[in-house]
Amino acid sequence: MKKLFYPLVLLVGLLGLGMAGCSSNPYGDSYGVADTRTIQQVRTGVIVRTEPVTIEGEGQAVGAIAGAAVGGILGSKIGGGSGSDIAAIGGGVLGGYAGSKAAEGVTKRNGVNLTIKMDDTGETIAIVQEANPNMMFTVGQRVRVNVDGRTARVVPE
């Protein structure tokens, strides 16, 4: 039992580190420390289309590595000699797949694709951001688009 405990602790620790980088509130009304004291260009426009999207997680690599490590360790405990090696490889492959899928499920988010006709240029742009149940957007709604370099966030005007 003790041999199984340490790999599980390793897996939980690695997954925890991978998830620590996830923002607690990634909506358009939340700012990180790096966003403070930065100049943002403010543009205005009108929403012409909204559609729900799924924002895929990016933590699968950490989950896959952790799962493969734990699966390989656990698999190596099965049998002896070449049977142990084969079990370690199989355990690593299965653990990597399971870890990747687990991390993907944890990091998947609901988002919204906002198509906006800009007031200043008349161009139509699209921005995807995480959906916030407290900040719903509708067609015809006026919005501010806060632009910082290549990133932007949409907030109600």
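**Exercise 1.** Classify N113 as buried or exposed, and list its contacts beyond four places in sequence.

*Solution.* The model is a predicted one. Step 1: the relative accessibility of N113 is 15%. Step 2: buried means under 20%, so N113 counts as buried. Step 3: N113 lies in strand β2. Step 4: with neighbours within four places in sequence left aside, N113 is in contact with R49, T50, E51, V53, A126, I127 and V128.

**Exercise 2.** Determine which residues make up the largest nonpolar core and which element gives the largest share.

*Solution.* Step 1: the core has 12 residues in all, namely I47, V112, L114, I116, M118, I127, M135, F137, V143, V145, V147 and V154. Step 2: two or more residues come from each of β2 and β4 (142-148). Step 3: β2 gives the largest share, 4 residues. Step 4: for V145, the contacts outside four places in sequence include I116, M118, I127 and V154, as well as Q41, V42, R43, I125, A152 and R153.

**Exercise 3.** Describe the second largest pocket by its volume, its lining and the division of the lining residues.

*Solution.* Step 1: the volume is about 160 Å³. Step 2: the lining consists of T50, E51, P52, G111, V112, Q129, E130, A131, N132, M135, M136 and F137. Step 3: β1 (41-55), β2 (109-118) and β3 (124-130) are the elements that give two or more residues to this lining, and β1 provides the largest share, 3 residues. Step 4: the lining residues divide into 6 nonpolar, 4 polar and 2 charged.

Conventions. Residues numbered from 1 in each chain as written. Predicted model: local features only at pLDDT ≥ 70, side-chain atom pairs only at ≥ 80, totals over all residues. Heavy atoms only, no water. 1 Å grid on protein atoms, 1.4 Å probe; cavity = no way out; pocket = protein on both sides within 12 Å on 5 of 7 lines; lining within 4 Å. Points joined across faces, edges and corners; volume = space filled by probe spheres on them. Nonpolar A, V, L, I, M, F, W, Y, C, P; charged D, E, K, R; others polar. Core = buried A, V, L, I, M, F, W, Y, C linked by side-chain atoms within 4.5 Å. Buried < 20%, exposed > 50% of the residue type's maximum accessible area, 1.4 Å probe, protein only. Contact = heavy atoms within 4.5 Å.
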